[in-house]
Amino acid sequence: MTTEVYKLSEELDSFNSQEEQDGILAILEKGQSVILDMTACKYVSSTGLRVLLYSKKVAAAKGLKLYLVGVSEEVMDIMNVTGFDSFFDTYRTIDEVPR
Amino acid sequence: MKIPDLLHIRESLASRIILWVVLYVVIILTISGYVGDYFVRKFIWEVQENGIMHAIAARRLSLALTMVSLISLIVLTGQLRRLIHKLIDPLTAFTQVADEVAKGNLQATLPEIKSRDEMQQLRHSFSIMQQSLSEQMEELKQVNAAKGRIEGELQAACNIQQSMLPKAYLPDAYSHCLDICGQLISAKDVGGDLYDFFVSNGKLFFCIGDVSGKGVPAALVMAMTLSQFRNVARYEGNIRQIIQSLNATRCEGNDTLMFVTFFAGVLDLETGLLQYCNAGHNKPFIMNGSISELPAKPDLPLGVSDDAVYAVREYTLQSDSTLFLYTDGLTEAMTARREQFGRERLQNTLRKGAGCRELIEEMTLAVRQFVGDAPQSDDLTMLAIHWKNE
């Protein structure tokens with residue numbers, strides 16, 4: 001299964017959610033799984049969570065995967081508090097992602 | 001081509017003025033030329049022929065010609081003045097009309113321009129501008145009226161939302177052991193936070209939730225979730241079933257993926273046994289001398305996955321315990337410098353210890369003082385439950 005890396009910016013909230021969503025979907029449209037590089041991302045709002053949620057649903061529908069890599073402590077905290085931590089496939093580095 | 005056409009006389013005031021001035025100068029020069037020439041030659045000849053006296057007599061003709069040129073000078077000046085007035089007067093009239101329009105009288109009448117030159121163009125442009133302004137003002141009036149209607153409707157919707165939420169615990173058979181207070185202050189007219197509580201068969205059912213998003217879409221999901229909780233909890237006593245039912249409904253047709261963080265519990269008012277489920281919501285605080293968070297590791301919020309599994313936890317309340325539930329609008333309330341209220345300040349305010357209503361009032365005050373002038377960015381929702389074993 002081929003994968004492509006998509007790097008998220010510092011924040012994922014209502015301002016850039018559409019842009020980031022389109023970027024991720026573009027990769028899925030090509031039939032590739034997405035490795036989401038979240039090393040720069042320090043904050044995800046509930047709108048941001050919906051982007052991740054939707055991306056995962058679209059990926060699953062196409063038989064593809066969405067991997068979250070390098071999730072920061074702050075974002076992991078947000079995911080813990082909202083119960084999303086076990087929902088996504090998270091890895092510390094790109095190398096750890098199963099290919 | 002005729003000369004007038006070449007200079008576009010009919011369409012150009014400037015050309016007309018130039019032509020008149022040229023005519024003016026030419027006539028003056030010509031007349032002066034003739035007069036001068038004739039006078040000099042005649043005088044010299046008369047002097048030669050008849051001597052000086054005769055020469056002076058001949059001046060009378062020249063004088064007459066000089067008079068003629070003087071008269072034509074006056075007439076031409078009169079024409080020039082008329083022409084210049086023709087130019088200035090309409091401009092003055094246009095200035096007056098512009099002043100009228102600026103005052104708000106869009107219907108002010110423009111001066112009549114009979115010529116087909118730049119003045120006519122100016123009048124035409126002015127007329128178009130008046131028309132355009134008039135239309136825009138009309139459109140603005142309609143937009144404002146529509147806006148007013150929408151604001152009225154939002155206010156009505158806000159009232160409906162508020163009336164869906166129980167405010168205080170009304171005295172009944174359990175007043176001796178139970179006290180509750182709930183409050184929701186939405187950021188916009190309508191919001192996505194919710195809470196509920198009611199007593200049934202010696203048990204208190206309660207919940208608190210937060211729909212992802214704000215405004216009308218979140219309010220719609222809020223209303224659906226709240227009414228479903230109420231309906232299901234009235235006949236279904238099992239907390240897991242309640243949550244799973246809510247989750248199943250939220251997952252159905254959830255194209256916009258609006259999920260709901262949700263905390264629901266059942267408190268046995270005789271024994272103090274609390275059974276609860278946490279669907280991605282902030283853990284409530286429990287106060288009974290000391291303050292701690294209720295052990296409630298969050299599962300997935302409602303609406304994320306229809307396979308989601310929800311753990312039911314149990315906790316036995318000590319007598320004289322207060323349960324404080326809230327949404328992230330409280331901890332994330334921000335000052336203008338984007339500093340958050342946070343859990344520490346929340347706990348410090350809880351430490352002051354008070355009855356349910358006072359507690360919520362204290363907390364609201366603390367948040368308002370902290371936030372200062374910054375606008376409210378999220379719904380502020382709190383639910384306080386106090387139970388005594390009596």
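Leu257(B) sits in the loop that links helix 6 (239-251) to strand 4 (260-268) of chain B. This is a predicted model, and in it the phi of Leu257(B) is near 50°, a positive value in a residue other than glycine. Most residues other than glycine have a negative phi. Below are some more places to look, starting with that loop.

- Is Leu257(B) buried, partly exposed or exposed? Leu257(B) is partly exposed, because it has 16 other C-beta atoms within 10 Å, and a residue needs 20 or more to be buried.
- Asp320(B) also has a positive phi, of about 65°, although it is not a glycine.
- You'll find Asp320(B) in the loop between strand 8 (313-316) and strand 9 (321-326) of chain B.
- With 13 other C-beta atoms within 10 Å, Asp320(B) is partly exposed; the exposed label would take 12 or fewer.

**Chain B as a whole**

- Chain B has 9 helices and 10 strands.
- Its radius of gyration is 46 Å, well over the 21 Å that the globule rule gives for 390 residues, so chain B is more spread out than a compact globule.
- Of the 390 residues in chain B, 26% count as buried.
- Take the contacts in chain B with a separation of 6 or more: 67% of them come from residues 24 or more positions apart.

**Where chain B meets chain A**

- The contact draws on 12 residues from chain B and 10 residues from chain A.
- On the chain B side, those residues divide into 6 nonpolar, 5 polar and 1 charged.

**A sheet in chain A**

- Chain A has an open sheet of 4 strands, in the order 1-3-5-6, with parallel pairing.
- Strand 1 (3-7) and strand 6 (89-91) of chain A are the edge strands, each pairing on one side only.
- From one strand to the next, the twist averages 25°.
- Strand 1 of chain A runs parallel to strand 3 (residues 33-37) of chain A, and 5 bridges join them.
- Lys7(A) stands opposite Asp37(A), which belongs to strand 3 of chain A.
- Helix 1 (residues 17-29) of chain A packs on this sheet and touches strand 1 and strand 3 of chain A. The direction of helix 1 makes about 175° with that of strand 1 of chain A.

Key
Residues numbered from 1 in each chain as written. Chains lettered and ligands numbered in written order. Predicted model: local features only at pLDDT ≥ 70, side-chain atom pairs only at ≥ 80, totals over all residues. Contact = placed C-beta atoms within 7 Å. Nonpolar A, V, L, I, M, F, W, Y, C, P; charged D, E, K, R; others polar. Helix = DSSP H or I, 4+ residues; strand = E, 2+ residues; numbered from the N terminus. Rg over C-alpha atoms; globule rule 2.2 N^0.38 Å. Pairing = 2+ DSSP bridges. Axes fitted to C-alpha atoms, helices over the stretch in contact; angles between N-to-C directions.
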